[in-house]
Amino acid sequence: KGVEIRANCKVRELIIEENYIRGVTYFDRDSEKQQLRAKITIDASGYSGVIRRQIPKELSSNVNYDFTDEYTIATYREIIKLKSENDHNFRQEILILYHKDIPPPGYAWIFSEGQGMLNIGITWVKSIPYPANKSMKQLYHDILDPYFNPDDYDIIHKGGGNIPMRQIGRASCRERV
C-alpha cells in the first residue's frame with residue numbers, strides 16, 4: 001500500500017508551506033535531521049502532543065492543544081513474567097476490575113502478554129483526587145497484589161503516564177420522530 005515505517009525517530013517540527021501541513025522534520029537513528037513529506041500527517045505522540053502543539057491556530061480544526069485534568073487519564077501498569085512454569089488463566093480474555101477504591105470511570109485490568117506474562121494496571125480520570133490519600137502505585141498493589149503476589153513474578157517493564165481523552169459528543173445524537 002506504499003506505507004513506509006521509520007522507527008526510533010524523533011519528530012521535531014512541522015513542515016508548513018502555503019498554509020498547509022506538508023510533513024515533518026525528524027532526527028533518524030544516526031541523529032541526522034531529515035524531512036518526511038506526506039499528504040496526511042498524524043501526530044501519534046499522545047499526551048505530549050509534540051506536533052499538535054505546533055499547528056498554527058488558523059490551520060487547526062478543533063485541535064486540542066492541551067488537555068485539562070478533566071480530560072486526562074492517569075495510569076500505572078506493569079508487564080510481569082510469572083516465576084512459575086505454569087501459564088496464567090488470562091490467555092483469551094481481558095479482565096476489567098471495578099474496585100471501590102478506584103473512582104468511576106476508573107478501573108484495574110489484567111490481560112495476557114503471552115506465555116507466562118501479563119499486563120496489569122490501574123487508571124482513572126486525573127481530575128479525581130487519589131482515593132484514601134494513597135499514591136497510584138500503592139493503590140495498584142492494594143488492588144492487584146491479591147491476584148498476583150509480587151514474590152511470584154519478575155517485573156519486565158513498569159511505568160505510568162497520562163492519556164488524553166475526548167469529551168463524549170453531545171450534539172451528534174438526534175431523536176427519531
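The model is predicted, so local features need pLDDT of at least 70, side-chain atom pairs count only at pLDDT 80 or more, and totals for chains, interfaces and linings use all residues. Residues are numbered from 1 along each chain as its sequence is written, and side-chain values use heavy atoms, with hydrogens and water left out.

In soluble globular proteins, nonpolar side chains tend to be buried together. The largest nonpolar core here has 20 residues, and those with the most contacts inside it are Ile 110, Ile 120, Ile 122, Leu 144 and Phe 148. A nonpolar core is a set of buried Ala, Val, Leu, Ile, Met, Phe, Trp, Tyr and Cys residues joined through side-chain atoms within 4.5 Å. Buried means under 20% relative accessible area, exposed means over 50%, and partly exposed is in between (1.4 Å probe, protein chains only). At least two residues of this core come from each of β4 (72-82), β6 (107-114), β7 (117-125) and α1 (136-144). Helices (H or I, at least four residues) and strands (E, at least two) are DSSP runs, numbered from the N terminus. With 5 residues, α1 gives the most to this core.

Phe 148 is in contact with Ile 80, Leu 82, Phe 90, Ile 110, Leu 118, Ile 120 and Tyr 153, leaving aside its neighbours within four places in sequence. Contact means heavy atoms within 4.5 Å. A second, separate core has 5 residues, among them Val 24, Ile 51, Ile 55 and Tyr 65.

Arg 52 lies in the loop between β3 and β4. Is Arg 52 buried or exposed? Arg 52 counts as buried, at 11% relative accessibility. Not counting residues up to four places away in sequence, Arg 52 touches Asp 43, Gly 46, Tyr 47, Val 63, Asn 64, Tyr 65 and Phe 67. From C-alpha to C-alpha, Arg 52 and Gly 160 are 22 Å apart in space and 108 residues apart in sequence. Pro 146 and Arg 52 are 41 Å apart in space, C-alpha to C-alpha, and 94 residues apart in sequence. Pro 146 sits in the loop between α1 and β8 (153-164), and is exposed, with a relative accessible area of 65%.

Rolling a probe the size of a water molecule over the atoms shows where empty space is left. The largest pocket has a volume of about 590 Å³. On a 1 Å grid over the protein atoms alone, a cavity is a set of points where a 1.4 Å probe fits but cannot get out, and a pocket is an open set with protein on both sides within 12 Å along at least five of seven lines; lining residues have an atom within 4 Å of a point. Grid points are joined across faces, edges and corners, and a volume is the space filled by probe spheres set on the points.

Which residues lie nearest the centre of the largest pocket? Of the 21 residues that line the pocket, these are Arg 6, Val 11, Val 24, Leu 36 and Ile 42. Both β2 (20-27) and β3 (33-37) supply at least two residues of the lining. The largest share, 3 residues, comes from β2. The lining consists of 12 nonpolar, 5 polar and 4 charged residues. Here Ala, Val, Leu, Ile, Met, Phe, Trp, Tyr, Cys and Pro count as nonpolar, Asp, Glu, Lys and Arg as charged, and the others, Gly among them, as polar.

There are 4 aromatic pairs in the structure. Rings of Phe, Tyr and Trp (its six-membered ring) pair if their centres lie within 6.5 Å; planes under 30 degrees apart count as stacked, over 60 as edge-to-face and the rest as tilted. One aromatic cluster is formed by Tyr 98, Tyr 107 and Trp 109. Tyr 107 lies in strand β6 and counts as partly exposed, at 27% relative accessibility. The C-alpha atoms of Tyr 107 and Leu 97 are separated by 5.5 Å, with the two residues 10 apart along the chain. Ile 96, in strand β5, touches Tyr 107, Ala 108 and Trp 109, not counting residues up to four places away in sequence.

A cis peptide bond, with omega about 10°, joins Pro 104 and Pro 105. Asn 8 is not a glycine, yet has a positive phi of about 60°. Asn 8 lies in the segment before β1 (10-17).
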